[in-house]
Amino acid sequence: MPGEQMANPDDKPPARPLDPIDRDILRMLRADGRASIRSVAERVHVSRANAYARINRLIDDGVIRGFSARVDQERAGQGASAYITLKIVQNSWRTVREQLRQLPGAAHIALVSGDFDVLLLVHTEDNRSLRELVLTRIQAIPEVLSTRTLLVFEETDLNSDLF
């Protein structure tokens with residue numbers, strides 16, 4: 001119907017706009033997710049109560065989805081990384097996404113446009129494990145029509161440069 005808004009697929013209210021202080025907080029937490037409320041407040045020049053409230057709002061709004069460690073995959077025993085492109089059966093994204101989430105070493109999954117439908121980043125122990133993952137697990141998913149594997153030779157983490 002005209003004038004109706006599409007439902008948000010996550011049933012979450014839209015996030016509130018971010019101001020420069022929110023962006024500074026996000027930049028700080030991306031660089032150091034273990035930063036204390038006190039240090040965040042001092043660096044963005046707000047009270048501890050204000051910093052605490054802002055971080056909670058960013059979490060509640062879904063802007064901050066969680067806190068985690070940035071891991072050097074190779075040093076953690078995951079010496080092979082690859083981007084895998086997948087062509088999938090039309091309208092099977094949700095089914096495929098749930099199966100890809102279960103894969104060992106799956107780090108990032110994206111539905112994309114272009115010559116393929118899905119971009120998957122995986123980290124495995126070695127090339128043998130990568131081959132097994134692709135040939136035995138991914139290509140066995142009935143909705144996957146084809147795959148292409150792009151080996152990662154070197155990575156640079158840009159997370160702290162965002163915002």
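**Salt bridges and nonpolar cores in the predicted model**

The side chains of Arg 38 and Glu 42 form a salt bridge, with N and O 3.5 Å apart. A salt bridge is defined here as a side-chain nitrogen of Lys or Arg within 4 Å of a carboxyl oxygen of Asp or Glu. Arg 38 and Glu 42 are 4 residues apart in helix H2 (residues 37–44), a separation of about one helical turn. Helices (H or I, at least four residues) and strands (E, at least two) are DSSP runs, numbered from the N terminus. Arg 38 is exposed, at 51% relative accessible area. Buried means under 20% relative accessible area, exposed over 50%, and partly exposed in between (1.4 Å probe, protein chains only).

The structure is a predicted model, in which local features need pLDDT of at least 70 and side-chain atom pairs count only at pLDDT 80 or more, while totals for chains, interfaces and linings use all residues. Residues are numbered from 1 along each chain as its sequence is written, and side-chain values use heavy atoms, with hydrogens and water left out.

A search of the whole structure gives 8 salt bridges. One of them joins the side chains of Arg 57 and Asp 22, at 2.7 Å from N to O. Arg 57 belongs to helix H3 (residues 48–60) and Asp 22 to helix H1 (residues 20–31), so the pair ties together parts 35 residues apart in sequence. Arg 57 and Asp 22 are both buried. A network of salt bridges links Asp 19, Asp 22, Arg 54 and Arg 57.

Helix H1 also holds Arg 27 and Asp 24, 3 residues apart, about one turn of the helix. Arg 27 and Asp 24 form a salt bridge, with the closest N and O atoms 2.7 Å apart. Arg 27 is partly exposed, at 32% relative accessibility. Asp 24 is partly exposed as well, at 31%.

The largest nonpolar core has 17 residues. Such a core is a set of buried Ala, Val, Leu, Ile, Met, Phe, Trp, Tyr and Cys residues joined through side-chain atoms within 4.5 Å. Ile 84, Leu 86, Ile 88, Leu 100, Leu 120, Val 122 and Ile 138 touch the most other members. Strand E1 (80–88), helix H4 (93–101), strand E3 (118–124) and helix H5 (127–138) each give two or more residues to this core. A second, separate core has 13 residues, including Ala 35, Val 44, Ile 55 and Leu 58.
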